[in-house]
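Open the model in your viewer and keep the selection panel at hand. The stops below say what to select and what is there.

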Amino acid sequence: MKEQPITIGFPLRGEWLAPTTPAEKIPSHGTDRMGFRYAFDFLQVNFEGKTKAFHSRSFLSYFFLGVPLESCYCWGEKIYAPCDGEVIVARDGYRERKIVHWIRDFSIAVKNGLFFNEHKDDYQQIAGNYIVIKASEGVYMAFVHLQKGSVTVSVGQNITKGMVIGNVGHSGNSTSPHLHFQVMDTSDIAHAKGLPCRFEEYEVYQAGGWTKVQNRIPGSTDRIRLLKED
């Protein structure tokens, strides 16, 4: 029996790309471990550029020297609660690497992919700063790789949809500043099963203009946005 997706608000504002999305393949991250089955990665890029770079520096600068976090488009962007809920986990204080460099960051990702054991190791090692929210019984949401010092909520706090809960960062197992977002059936990430979700409303850029869509999952090449409310 196919699982019905949970419908929630989009957790970001402005223009975004979802290069990793369950709209393209399931499991989206290549594994069912730790609730990853239907997880998304969201980042901001230069949509007008040929390479859709996630930073404002040159390719040579990124390739040889790396780029500082301040030059990455989505670093520090606010994250919004996609529904009402209760904060179950709120971990901050994990350092961010100040320079994004493809060799170092991919090496860390490969090492963690091979050796991280969710049953023995601290999840913060790969998640960095992260938040888990309980939306309802059996429905939990994780927001991962947050900016150090940006978490604005605390464990046990009741939050409302649209509340700012933290900022996009580059902590943990991150190859560039982005938001890793997933819905799962428990707050115990080591044993979590991923749950499908869809977003109640956002806009997609197509044929030279923006089109509003509802109850959709963004594709990996979709230029999507949700504007801030006035």
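Select Cys 74 and Cys 72. The sulfur of Cys 74 is 7.2 Å from the closest cysteine sulfur, that of Cys 72, which is too far for a bond. A disulfide here is a pair of cysteine sulfur atoms within 2.5 Å, and by this rule the count is zero. Next, pick Cys 83, which is also in no disulfide: its nearest cysteine sulfur belongs to Cys 197 and is 10 Å away. Colour by accessibility, where buried means under 20% relative accessible area, exposed over 50%, and partly exposed in between, with a 1.4 Å probe and protein chains only. Cys 74 is buried at 2% relative accessibility, and Cys 83 is buried at 15%.

A note on the numbers before going on. This is a predicted model, in which local features need pLDDT of at least 70 and side-chain atom pairs count only at pLDDT 80 or more, while totals for chains, interfaces and linings use all residues. Residues are numbered from 1 along each chain as its sequence is written, and side-chain values use heavy atoms, with hydrogens and water left out.

Now go to the aromatic rings. Rings of Phe, Tyr and Trp (its six-membered ring) pair if their centres lie within 6.5 Å; planes under 30 degrees apart count as stacked, over 60 as edge-to-face and the rest as tilted. The structure holds 14 aromatic pairs. Select Phe 42 and Phe 199: their ring centres are 6.0 Å apart and their planes at 65°, so the pair is edge-to-face. Phe 42 is in strand β3 (residues 40-43) and Phe 199 in strand β14 (residues 197-206), so that the pair links distant parts of the chain, 157 residues apart. Strands (E, at least two residues) and helices (H or I, at least four) are DSSP runs, numbered from the N terminus. Phe 42 and Phe 199 are both buried.

Which strand holds His 145? His 145 is in strand β9 (residues 139-146). Its phi is near 75°, a positive value in a residue other than glycine. At 5% relative accessibility, His 145 is buried.

From His 145, move to His 170, since the two are in contact, meaning heavy atoms within 4.5 Å. His 170 sits in the loop between β11 (164-167) and β12 (179-184) and is buried, at 0% relative accessibility. Leaving aside residues up to four places away in sequence, the residues that His 170 touches include Leu 69, Trp 75, Glu 96, Arg 97 and Asp 105.

Two backbone stops follow. Select Ile 26 and Pro 27, which are joined by a cis peptide bond with omega about 0°. Pro 27 is in the loop between β2 (14-20) and β3. Then select Asn 215, which has a positive phi of about 55° although it is not a glycine. Asn 215 lies in strand β15 (residues 209-216) and is partly exposed, at 38% relative accessibility.

Last, select Leu 65, in helix α1 (residues 59-65). Is Leu 65 buried or exposed? Leu 65 is exposed, with a relative accessible area of 66%.
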